[in-house]
Protein chains: 2
Amino acid sequence: MREVVEKKVLSENDRLAAELRQRYREQNILCVNFISSPGSGKTALLEKTLGSFAPGTPVAVLTGDLQTDNDARRLMRYGYPVRQIVTGGTCHLDARMVERHLNELGFRGPGLLLVENVGNLVCPSSYDLGEAAKIVLLSVTEGEDKPLKYPGIFRRASLMILTKTDLLPHVEFDPKLALENARKIHPEIDYLALSSKTGEGFDKWLAWLAALQQKARQEAPAAIS
Amino acid sequence: MREVVEKKVLSENDRLAAELRQRYREQNILCVNFISSPGSGKTALLEKTLGSFAPGTPVAVLTGDLQTDNDARRLMRYGYPVRQIVTGGTCHLDARMVERHLNELGFRGPGLLLVENVGNLVCPSSYDLGEAAKIVLLSVTEGEDKPLKYPGIFRRASLMILTKTDLLPHVEFDPKLALENARKIHPEIDYLALSSKTGEGFDKWLAWLAALQQKARQEAPAAIS
């Protein structure tokens, strides 16, 4: 019974996500969905990313949490449109929440839409938000075995970002082993390591994002490109 | 429709959890349920806790993960009965899983049953496992605002353990603020700070656990105490 309802919920979400994907295509919006455990550094990554953009860059942010608008307040300081999605008890963002808040935000492309999911390495991975890419963050304090223990998100993510590399001297963590584990689950997953605190590795992340935007532009329908 | 099924699932879980609670009472088992984000140090805490017990202490461990038996293998080295609960895709332990694995483990009281939940700060908090106490772990790398953002588990936990205090010199984290936030959600929550790496603060944790066992013994039905 439970499985039947879950399937129904996911298939309804897939339908709405397909609509979002169509809308992103028509409006030349590149949507990226950031997923990680609580406290892995999603908001810090977004802060530094927003801070690196030239003024006037067309970008908007949706950020999800069970409670509080802390993250939206942190992210608003960079001058771009930001909306907090407070899910109440819900452990993930779904396509309906994104659609509603995107409408209320009034963001139309072309441009970049950054979606920070609820901090949870499990449930958000099952909910398609129409994004061009899921990005999974893993911090160096969490242990190298997380890709094996939480395979769903590592299988679905296009990129794994190892965060908080400034803490590497203080923890027992082998980045090579973490990447090996991720590639056991998903051999083609891209990989970057960075510190939002020191900025180490940030140039590669911005280059990865720029390449994804470039690719999306090339694939955009001629009529609106 | 979804809410109806969720309510049904939770009420069925509550029924099974009440049976477990009754069984724990009859067998003088003290069950403790550890909940945190992935990588906050649940397994490290359990390793050091098991290592601190006098040989022959009556204790058993159930440890949950979506995939892998890594944690069970780590914990088995201490010579106590340990069983891995692999949940597949499920983001939490429920009372039925605990009942089944407890039967297969063949653990009968009196004694201590340590249950390490799936790494997830959201969903496990809704599933009663018949435990005497939920314990929430928060590591110093995760940020002070987590109790406000994930209030469900901090409201339900008897104790909040701040972990990885050895990393405090290397991160911007104010333990006092984290505790203030937790007490905004749950004014009576107990609090401890420790490092499973250095052992700092571990004596207080063991004393807290001993006090809980003492209290349970005093409350145990006379016929079997």
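**Exercise 1. State how much area is buried between chain A and chain B, and describe the side that chain A contributes.**

Solution. Step 1: in this predicted model, the area buried between chain A and chain B is about 3100 Å², with 59% of it given by carbon and sulfur atoms. Buried area is the accessible area (1.4 Å probe) that two parts lose on being put together, summed over both.

Step 2: within chain A, the residues that lose the most area to chain B are Arg2(A), Pro38(A) and Lys149(A), which together account for 20% of what that side buries.

Step 3: the contact, meaning heavy atoms within 4.5 Å, involves 37 residues of chain A and 37 residues of chain B.

The model is predicted, and local features need pLDDT of at least 70, side-chain atom pairs count only at pLDDT 80 or more, while totals for chains, interfaces and linings use all residues; side-chain values use heavy atoms, without hydrogens and water. Residues are numbered from 1 along each chain as its sequence is written, and chains are lettered from A and ligands numbered from 1 in the order in which they are written.

**Exercise 2. Find how many salt bridges cross the interface of chain A and chain B, and how many the whole structure holds.**

Solution. Step 1: apply the rule, which asks for a side-chain nitrogen of Lys or Arg within 4 Å of a carboxyl oxygen of Asp or Glu.

Step 2: across the interface of chain A and chain B, 4 salt bridges are found. Asp65(A) and Lys149(B) meet through their side chains in a salt bridge (3.6 Å, N to O).

Step 3: over all chains, the search finds 28 salt bridges. The side chains of Arg21(A) and Asp128(A) form a salt bridge at 2.9 Å, N to O. Arg21(A) belongs to helix 1 of chain A and Asp128(A) to the loop between strand 4 (111-116) and strand 5 (133-139) of chain A, so the pair ties together parts that are 107 residues apart in sequence. Helices (H or I, at least four residues) and strands (E, at least two) are DSSP runs, numbered from the N terminus.

**Exercise 3. Give the strand order of the open sheet in chain B and identify its edge strands.**

Solution. Step 1: the open sheet has 7 strands in the order 3-2-4-1-5-6-7, with parallel pairing. Two strands pair if DSSP finds at least two bridges between them.

Step 2: strand 3 (82-86) and strand 7 (190-193) of chain B are the edge strands, as each pairs on one side only.

Step 3: strand 2 (residues 59-65) and strand 3 of chain B run parallel and are joined by 5 bridges. In strand 3 of chain B, Arg83(B) is the bridge partner of Leu62(B).
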